[in-house]
Amino acid sequence: MQGKDFRKRLIIGVFIILAIIGCAYLTENISTALSLKSAKVIKVLDNNKTIAYLDSGVLKKIGSKDPKGPTLTAVLNATGAELFDEITVKGAKNSTIYSINRGQLNDNLVCSLNEDGTADLIDQSSSQILVKSINEIDVK
């Protein structure tokens with residue numbers, strides 16, 4: 001009788017552990033998807049493969065010297081994206097796309113941090129917003 005009781009408890013325990021792991025995985029995927037849609041997380045791709053997820057806290061650390069935020073060059077260096085010819089920055093809210101080749105990349109392009117946890121790509125030389133609410137940077 002004791003052996004059957006132990007097996008039942010063991011099976012129930014294993015089932016509970018698997019349910020907890022499944023719920024944690026589901027919760028993480030849902031929160032990441034919601035953050036990407038709201039542009040609070042920026043997905044960085046290298047040849048269509050995700051290499052990093054950045055949020056406002058990471059961007060603040062990367063651009064700690066500039067109160068507006070880090071340069072696009074600094075963001076790319078921090079993610080390890082080194083070998084590329086073209087960069088495409090996409091916005092979440094109005095689906096804006098800004099493409100630039102490696103030769104045009106300069107320190108005037110800044111990922112300007114907003115109070116709501118999002119970042120805009122701006123050209124500091126003209127104070128023009130190029131992409132509002134960045135949610136993806138793709139390097140190719």
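Analyst: With accessibility: a residue is buried under 20% relative accessible area, exposed over 50% and partly exposed in between (1.4 Å probe, protein chains only). The model is predicted, so local features need pLDDT of at least 70 and side-chain atom pairs pLDDT 80 or more, whereas totals for chains, interfaces and linings use all residues. Numbering runs from 1 along each chain as its sequence is written, and side-chain values use heavy atoms, without hydrogens or water.

User: Which residues of α3 are buried, and which are exposed?

Analyst: Helices (H or I, at least four residues) and strands (E, at least two) are DSSP runs numbered from the N terminus. Within α3, the buried residues are L72, V75, L76 and T79. They lie on the same side of α3 because their arc around the axis is only 95°, taken from the directions of the C-beta atoms as seen from the helix axis. N77 and A78 are exposed on the other side of α3. After α3 comes G80, with a positive phi near 90°.

User: What makes the largest nonpolar core a core, and which residues have the most contacts inside it?

Analyst: The term requires buried Ala, Val, Leu, Ile, Met, Phe, Trp, Tyr or Cys residues joined through side-chain atoms within 4.5 Å. The largest such set here has 23 residues, and those with the most contacts inside it are L72, L76, I87, V89, L121, I134 and I137. Two or more residues each come from β1 (41–46), β2 (49–55), α3 (72–79), β3 (86–91), β5 (109–113), β6 (119–123), β7 (128–131) and β8 (134–139).

User: What does V89 touch?

Analyst: Contact means heavy atoms within 4.5 Å. Leaving out residues up to four places away in sequence, V89 touches L72, T96, I97, Y98, L121, V131, I134, E136 and I137.

User: Why is the pair K90 and E136 called a salt bridge?

Analyst: The rule asks for a side-chain nitrogen of Lys or Arg within 4 Å of a carboxyl oxygen of Asp or Glu. For K90 and E136 the N to O distance is 3.2 Å, so the pair meets the rule. The bridge links distant parts of the chain, with K90 in strand β3 and E136 in strand β8, 46 residues apart. K90 is partly exposed because its relative accessibility is 28%, whereas E136, at 16%, counts as buried.

User: How many salt bridges does the rule give, and which one lies in helix α1?

Analyst: The count is four. D5 and R9 both lie in helix α1 (residues 2–37), four residues apart, about one turn of the helix. Their closest N and O atoms are 3.6 Å apart, so this pair falls within the cut-off too. D5 is partly exposed at 38%, and R9 is exposed at 60%.

User: What makes F6, L10, V14, I17, L18 and I21 a surface patch?

Analyst: A nonpolar patch joins Val, Leu, Ile, Met, Phe, Trp or Tyr side chains within 5 Å, from residues with over 30% relative accessible area and no salt bridge. These six form such a patch, with about 620 Å² of accessible area together, computed by the Shrake-Rupley method. One of them, L18, is in helix α1 and is exposed because its relative accessible area is 56%.

User: Why do N48 and S127 get a remark on phi?

Analyst: Most residues other than glycine have a negative phi. N48 is not a glycine, yet its phi is positive, about 65°; S127, also not a glycine, has a positive phi near 55°. N48 is in the loop between β1 and β2 and is exposed at 59%. S127 is in the loop between β6 and β7 and is exposed at 58%.

User: Where is N108, and what is it in contact with?

Analyst: N108 sits in the loop between β4 (97–101) and β5, and at 31% it is partly exposed. Apart from neighbours within four places in sequence, N108 is in contact with I122, D123, Q124 and S125. The C-alpha atoms of N108 and S125 are 6.0 Å apart, although 17 residues separate the two along the chain.

Methods
Patches are made of residues with over 30% relative accessible area and no salt bridge: like charges are joined within 9 Å, nonpolar side chains (Val, Leu, Ile, Met, Phe, Trp, Tyr) within 5 Å. Accessible areas come from the Shrake-Rupley method with a 1.4 Å probe; for residues, only the protein chains shown count as cover.
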